[in-house]
Amino acid sequence: MEKTHPLIEVRHLSKSYFNDGIETPVLHDIDLVIRKGEFIAIMGPSGSGKSTLMHILGFLDVHTTGDYLFQGERTIRMDDDALAKIRATRVSFVFQAFNLLPRTTVLQNVMLPLLYHPTIPVAERIERSLQAIASVDLLDRKDFLSSQLSGGQKQRVAIARALVTDPDVIFADEPTGNLDSASGIAVMNALQKLHASGHTIILVTHDRTTAEHADRIILVRDGHIEGDTHSEHART
Amino acid sequence: MDTSKEIRTVNMLARDTFSTALGGVIANTSRSLLTMLGIIIGVASVVLMSSVGASMKLVILSQVSSLGSKSMVVFPGTQEGGPAAVQTGHDSLTFEDLAALEKLSTIQDAAPVIFLTGQTSYGREEATPQVFGIVPQFFLNQNIAIQDGRLIDDNDNQGARAVAVLAPDAVQKFFGNTDPLGERIKIGDNHFTVIGTTKALGSQFFQNADDRIYVPFSVARTITGQKYLNYITLKAVDDFDRSFDDIKFLLRTRHGINNPTDDEKKDDFVVHSSAQANQILGSVSLGLSLFITTIAAISLIVGGIGIMNIMLVTVTERTREIGLRKAVGARSRDILFQFLLEAVMLTGLGGMIGMVLGIGAAGILSLLVRYFLATYTFAISIPSVVVAILMAAFTGLIFGISPARKASLLHPIEALRYE
């Protein structure tokens, strides 16, 4: 029988930054397993290393020591092309600062990741982008410029952009950090909807209420995992 | 992946990169235009200068082409100010020189010319066209063709007949639209019967060759009593350079000129030819080409530095965008090509705008110059235009590499964190 690998498996992972020969350790001896379909919140105070962990798991940064296996494959020796291919097809991001392209429409922003999928014809790119925009209830704004949207709408566009490539896992870095509470709830509802449709979500937040939307909460403090528990929401 | 799918993928990737780069250029139109300004001015100058060069070449060619490829002219006088500054009015070319030249095996059809001076009139019309005393070979040497009537022949010369052949401007001056054949005109104190008219010749060495009257050489010689010739036209038999050397050697020997260094300024005669004019034209063209190339190189380097500067600013401004593109799957080389293509688009587009402006300026200039130089025509050197645009695009490639490489090497997370 074929062995099924976890989506993400991290063993003794450490990360240090080096500046002028001075080492600044950020993550220490992290062990973590995330399975497909989970909704996980990585929670911790500012400077705890939670964002760095997410960046490493999302292939935006590389670890210093230890092992990171993505679907059973070691990632430490992957070159730029291989990492770019994973970022294009397997993972996607929702950032706190939205990171939408200025002077471009909602549709163009959502289509951006598909630009790096040259085998997908333009007509299909548009269709998939429109579906993604519809899933965050912004179809009526598809031709709006990103600057014409509210913060909550911008973040929903970012979510649509994240799911347009149908990735294995979506990383959300403080997605409600720049939003008012009503917009924050709308964004979290959108993420929960994605999770319900089978996507793996890894959310980074310092806010307990936001973290409670996830099924599992991993508490990071001073570069260590201090807790790995099911949320109230999952227990109920 | 099969071949057709691979080709489709590459095509789509190229199109996507092109549209992304185009988006970058269009996103900031005014800055893009200002960035292109150096290239626009550079290419416009090159196109304008090469057009002026091509037009001038046509003008000069039109002056010498009517002579025919093997025709030569020997003038009396010195050449103190270089080939273009012949000091005429000398009496150094004699009938004996002509007789000696006729014996040379390397030349043929030697045709002497004596000028007749004085007022020319017909009825109440008076003017002073150039009056040439010539032999029939002169018409052959100068490619002069008959329009009406007949040309001066050997019988006219041998019989010293008082006949004249008129070039078109002279016909127009004296006779307007009426038939001049058989009419009698007065040159100085002598009367001549018009026996023919010639076709238009245009200008030769920047002199109007159509405001002339031709009379038999023997008649002109008798009237003037001149012991010397105003000039001699002749043709090389075969090897042009050999004929040229033979003429110079013969005349130097006859005139007692010791000129071992072949310094033409020491001679008391000047030999002109269409081939020589073409050689001078070639040198002028080469000089002009070098001049244009220098202008092009300087403008493109200046424009290129401008492009590089702006592209570096653009990369810094768009650091977060680069981080985002990498986060959604762009490879380093996708970013490299995008920014490189933006630089090439800026310079290529600048080149094309420069070309249009350069051609427009050359057109306007040709209209203005035509007031002073009627034979000036609008001409464009297509190779120069093509090379200028290609060089402009190439400048973008060269000067765009550094900013594009800087963009491609950005680390995604550092780029996303950039404030």
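# Chatting through chains A and B

Biologist: Hi! Starting with chain B, how much of it counts as buried?
Modeller: Of its 419 residues, 41% count as buried. Keep in mind that this is a predicted model.

Biologist: Noted. How many helices and strands does chain B have?
Modeller: Chain B has 13 helices and 14 strands. As for its contacts with a separation of 6 or more, 83% come from residues 24 or more positions apart.

Biologist: Let's pick a strand, then. Is β1 of chain B mostly covered or uncovered?
Modeller: Mostly covered: 6 of the 6 residues in β1(B), which spans residues 71-76, are buried.

Biologist: Which side chains go which way there?
Modeller: B:S71, B:V73 and B:F75 point one way, while B:M72, B:V74 and B:P76 point the other way. All of these are buried.

Biologist: And which strands does β1(B) pair with?
Modeller: One partner is β13(B), residues 231-236, joined in the antiparallel sense over 4 bridges. There, B:V73 stands opposite B:T233. Another is β14(B), residues 269-273, which is also antiparallel to β1(B), over 5 bridges. In that pairing B:F75 sits opposite B:V270.

Biologist: Nice. Switching to helices: at what angle do α9 and α12 of chain B cross?
Modeller: Roughly 30°, with the axes of α9 (274-317) and α12 (382-408) coming within 8 Å. Angles under 35 degrees count as roughly parallel, so α9(B) is roughly parallel to α12(B).

Biologist: Left-handed or right-handed?
Modeller: α9(B) passes α12(B) in a right-handed crossing. The residues in that contact are 16 nonpolar, 7 polar and 1 charged.

Biologist: OK, now where the chains meet. How many residues does each chain put into the contact?
Modeller: Chain B gives 19 residues and chain A gives 19 residues.

Biologist: Which elements of chain B give two or more residues to that side?
Modeller: They are α1 (3-27), α10 (319-327), α11 (332-369) and α13 (412-417) of chain B. α1(B) gives the most, with 6 residues.

Biologist: What about residue classes on that side of chain B?
Modeller: Its side of the contact has 10 nonpolar, 4 polar and 5 charged residues.

Biologist: Over to chain A. What's the strand order in the 6-stranded open sheet?
Modeller: The order is β6-β7-β8-β3-β9-β10 of chain A, with mixed pairing. β6 (91-94) and β10 (224-230) are at the edges with a single partner strand each, so one side of each has no neighbour in the sheet. The twist averages 20° from one strand to the next.

Biologist: How do β3 and β9 of chain A pair?
Modeller: β3(A), residues 39-43, and β9(A), residues 216-221, are parallel and share 4 bridges. A:M43 has A:L219 as its bridge partner in β9(A).

Biologist: Which strands does helix α5 of chain A lie across?
Modeller: Helix α5(A), residues 151-163, lies across β6 and β7 (169-173) of chain A, at about 175° to β6(A).

Biologist: And the 4-stranded sheet in chain A: what's its order?
Modeller: That open sheet goes β2-β1-β4-β5 in chain A, with antiparallel pairing. Its edge strands are β2 (22-34) and β5 (73-74), each pairing on one side only. β4(A), residues 65-70, is joined to β5(A) by 2 bridges, and A:F70 stands opposite A:E73.

Biologist: Last one: where does α1 of chain A lie?
Modeller: α1(A), residues 50-57, lies across β1 (8-19), β2 and β4 of chain A, and runs at about 65° to β2(A).

Conventions
Residues numbered from 1 in each chain as written. Chains lettered and ligands numbered in written order. Predicted model: local features only at pLDDT ≥ 70, side-chain atom pairs only at ≥ 80, totals over all residues. Axes fitted to C-alpha atoms, helices over the stretch in contact; angles between N-to-C directions. Parallel < 35°, antiparallel > 145°, perpendicular 65-115°, else oblique. Left-handed = near helix turned anticlockwise from the far one by under 90°. Nonpolar A, V, L, I, M, F, W, Y, C, P; charged D, E, K, R; others polar. Pairing = 2+ DSSP bridges. Contact = placed C-beta atoms within 7 Å. Buried ≥ 20, exposed ≤ 12 C-beta atoms within 10 Å, placed from the backbone.
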